[in-house]
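Visitor: I am new to this structure and would like to learn how to read it. Could you walk me through it?

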Amino acid sequence: MRDVTIDCDAVVVGSGAGGGVVAAELAEAGLDVVVLEEGSYHPTEEFTAIAGDMVPRLYRDHGASMAMGTPVIVYGEGRCVGGSTVVNGGMTWRTPERVLDRWAREHAVDGVGADEMDRIFARVEALVSAAHQDPESIGRDNELLRKGAEAMGWKVIPNVRNQLHCAGTNNCAFGCPTGAKRSTLVSYVPRALAFGARVYADCRAETLVTHGKRVVGVAARVVRANGTPGARVLVRAGAVVVAAGSIHTPALLLRSGIRSPSGQIGRNLTLHPNAKVVATFDEDVEGWKGVHQAYQVREFQEQGYLMAAVNVPPSVLAMGMPFIGRALDEILSQYNRIVSGGILVEDTTAGRVRVLPGGAPMAFYQLSDWDAERVVRGVALISELLFAAGARRVWVPFDGVAPLDGPDEVRRLFSRPIPKRAMEIMTTHVMGTCRMGGDRARHVCDPWGKVYDAEGLWLADASLFPTPIGVNPMETIMALATRNAERIIETHHSRKAAKPTSVGEGRATWERGAAERLGAPSRSEEASRQ
Amino acid sequence: MILADFHFSPRMRATVIQLVRAICPEASLASAVADQTERSFRSLPSTTRAALAAGLTTFELAAVVRYGRPFSRLDAGRARAWFEAWWHSPLPVLHEFVKGIRAILAYAYYEQPAVKRRLEYHPDAWIAEAARRRLAAYGPEIRRHERDLLEPQALSRNVRRA
């Protein structure tokens, strides 16, 4: 395939909760939109429950990207058309008001009041069909979670999920095989295409193309089937929107020489550390029959804890347990009588994304002592809940800690400090790194995602979050993307109205600069070749 | 996207097979687990893959210092002891390496069809049944939603079409 150059009004990097939404909104408003997605296109018909087939196709780094620190925290990111929305659990929660208030108060994020955001959230919820589960889709593991919470007298609520009559196949993490989960793959991306957007899968953004302080395009490479780089793709656009996630968005900016007066690009990484416990029951549970998470325990939300039942296939469950050989198999052989309980902690510390020589990003995150204590407390709480639901034994994610055989043993978790290196912690909520706010000296982007001191460059993903949000982030990302799209559309129209001929003139200038930088043929050179 | 051009060297494969024997419940599946592990390695980033490959080589050869022979040629008891020595090592790099390898091997082992059958985990039939029920109960509503999804619904009154 030969190198190509594409002109458009807006180029969007990424097609997940941020990119897919921005692309659809801009396209519907009449902009000529190009989406670059590093991952491949996998339609619903390809999704199966064979993790060994799906994980390499749908996830970056085999779902095992690592934030370096003690402990190393494994995080999963989608890499496919639809991004992480294809592989997430589908929780669709509005940003808590206390979080939006904090953003407004501490970070001068304007326009996130309840009234203003209500319109945006409602639009997102309509387009992704956010709703509670139909009763027949709820499995026994979730009913046991609810039973345990009610026995403890704790607040438990039904989840709102982006689903249209979810069938309860519990395959969310490997692509919904019925299309019921309304990931951007089956919602916003088709909508963007219907309004004329062009989506290029297997196309990795390498650098942003700049001309002075203006970002004028994206230089990308086609990704061949064996992962090696193929033809060059230069996309020239009046607006460049990066929505590559909280690890790769700052990396792309840093690789491109974008510097923020705040010095905050790549900083303020937060993760919502997750820990899993495994409980065995006397009854058959078959947690794979029923939706991934039907309920959330919200009793301790104000203290920064969420709990849920999070069934995963045996292989994924085994990965995250600190046991080997017969000891591991003793647990897994009871797979159909297991409830996996997950605890999410709203973290109070922050890490950083750096770019390694060669351009790849690396995340660094040191779990604080305080958050490590909260992980232990969270594990203790969900263990109590599972015993209240009837669990016989609970395995905790701490190497060297024997399983708990009853609620009286939970206090054993506090008998001596559990070293951080003994903790098995993972996450799927990666946030921060290009935080938005009203002060260019403290923030990378303005409250609508426009990067300070980089004309034409906008962000639209979880990297914008000034703080962790304490709930699943998908709807917040989608809402911010919708909001940012609105501002991009206004900017686009006002630029056109003010200087009707400037775009073409500008393009002629930056086209030469971009072509020189890339070593790629300019549009005029291409034309003369033909 | 799956990288197609990575294969274990014979020595690395021998190390992986010995690891499976040491830490997985069934040695008879060692070759199949090694194949799955190789597939997992293909989709890792090159830096991670290189680090794991270097770790496997070190793990293999450093056993010579303690036992006089490489890890892949140790008997089962010593192989397990060598793994546990790294698992409990105070050096974070050794601990994190075997922790990562353990996770990859555990994943590969429990992905084996024979193991899934033993655990009575057979989701395909459940998925097919649940999908059929969904369409029977909600088919018209689903089709209507799919149609409506592609209809214009302008973002804001202030936004005009170009």
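Guide: Here is a short tour, going from whole chains to single residues.

Guide: Please keep in mind that this is a predicted model, in which local features need pLDDT of at least 70 and side-chain atom pairs count only at pLDDT 80 or more, while totals for chains, interfaces and linings use all residues. Residues are numbered from 1 along each chain as its sequence is written, and chains are lettered from A and ligands numbered from 1 in the order in which they are written.

Visitor: How many helices and strands are there in chain A?

Guide: Helices (H or I, at least four residues) and strands (E, at least two) are DSSP runs, numbered from the N terminus. Chain A has 13 helices and 22 strands.

Visitor: And what is the secondary structure of chain B?

Guide: Chain B has seven helices and zero strands, so its elements read α-α-α-α-α-α-α from the N terminus on.

Visitor: How spread out or compact is each chain?

Guide: The C-alpha atoms of chain B fill a box of roughly 75 × 45 × 30 Å along the principal axes. For chain A the radius is 23 Å, close to the 24 Å given by the rule for 530 residues, so chain A is as compact as a globular protein of that length. Its box, again for C-alpha atoms along the principal axes, is roughly 75 × 45 × 45 Å.

Visitor: What share of the residues in each chain is buried?

Guide: A residue is buried if 20 or more other C-beta atoms lie within 10 Å of its own, exposed if 12 or fewer, and partly exposed in between, with C-beta atoms placed from the backbone. In chain A, buried residues make up 61% of the 530 residues; in chain B, 33% of the 162 residues count as buried.

Visitor: Where do the buried residues sit on a helix such as α3 of chain A?

Guide: An α-helix has 3.6 residues a turn, so residues three or four places apart point the same way. In α3 of chain A (residues 97–107), the buried residues are A:Val99, A:Trp103 and A:His107. They cover an arc of only 45 degrees around the axis, which puts them on the same side of α3(A); the arc is that of the directions from the helix axis to the C-beta atoms. On the other side of α3(A), A:Glu97, A:Arg98 and A:Arg105 are exposed. A:Leu100 also belongs to this helix, and is partly exposed, with 19 other C-beta atoms within 10 Å.

Visitor: At what angle do helices α5 and α10 of chain A cross?

Guide: Axes are lines fitted to C-alpha atoms, for helices over the stretch in contact, and angles run from 0 to 180 degrees between N-to-C directions. The axes of α5 (residues 140–152) and α10 (residues 369–388) of chain A come within 7 Å and cross at roughly 100 degrees. That makes α5(A) roughly perpendicular to α10(A); angles under 35 degrees count as roughly parallel, over 145 as roughly antiparallel, 65 to 115 as roughly perpendicular and the rest as oblique.

Visitor: Which residues of α5(A) and α10(A) meet?

Guide: Two residues are in contact if their C-beta atoms, placed from the backbone, lie within 7 Å. Here A:Gly148, A:Ala149, A:Ala151 and A:Met152 of α5(A) meet A:Glu384, A:Leu385, A:Leu386 and A:Ala388 of α10(A). By class, this contact has six nonpolar, one polar and one charged residues. Ala, Val, Leu, Ile, Met, Phe, Trp, Tyr, Cys and Pro count as nonpolar, Asp, Glu, Lys and Arg as charged, and the others, Gly among them, as polar.

Visitor: How many residues does each chain bring to the contact between the chains?

Guide: Chain B brings 52 residues and chain A brings 58. On the side of chain B that touches chain A, α7(B) gives the most, with 11 residues. The residues of that side divide into 30 nonpolar, nine polar and 13 charged.

Visitor: Where is the cis peptide bond?

Guide: A cis peptide bond joins A:Thr70 and A:Pro71, with omega about 0 degrees. A:Pro71 is in the loop between β3 (65–68) and β4 (73–75) of chain A.

Methods. The radius of gyration is taken over C-alpha atoms; the globule rule is 2.2 Å times the number of residues to the power 0.38.
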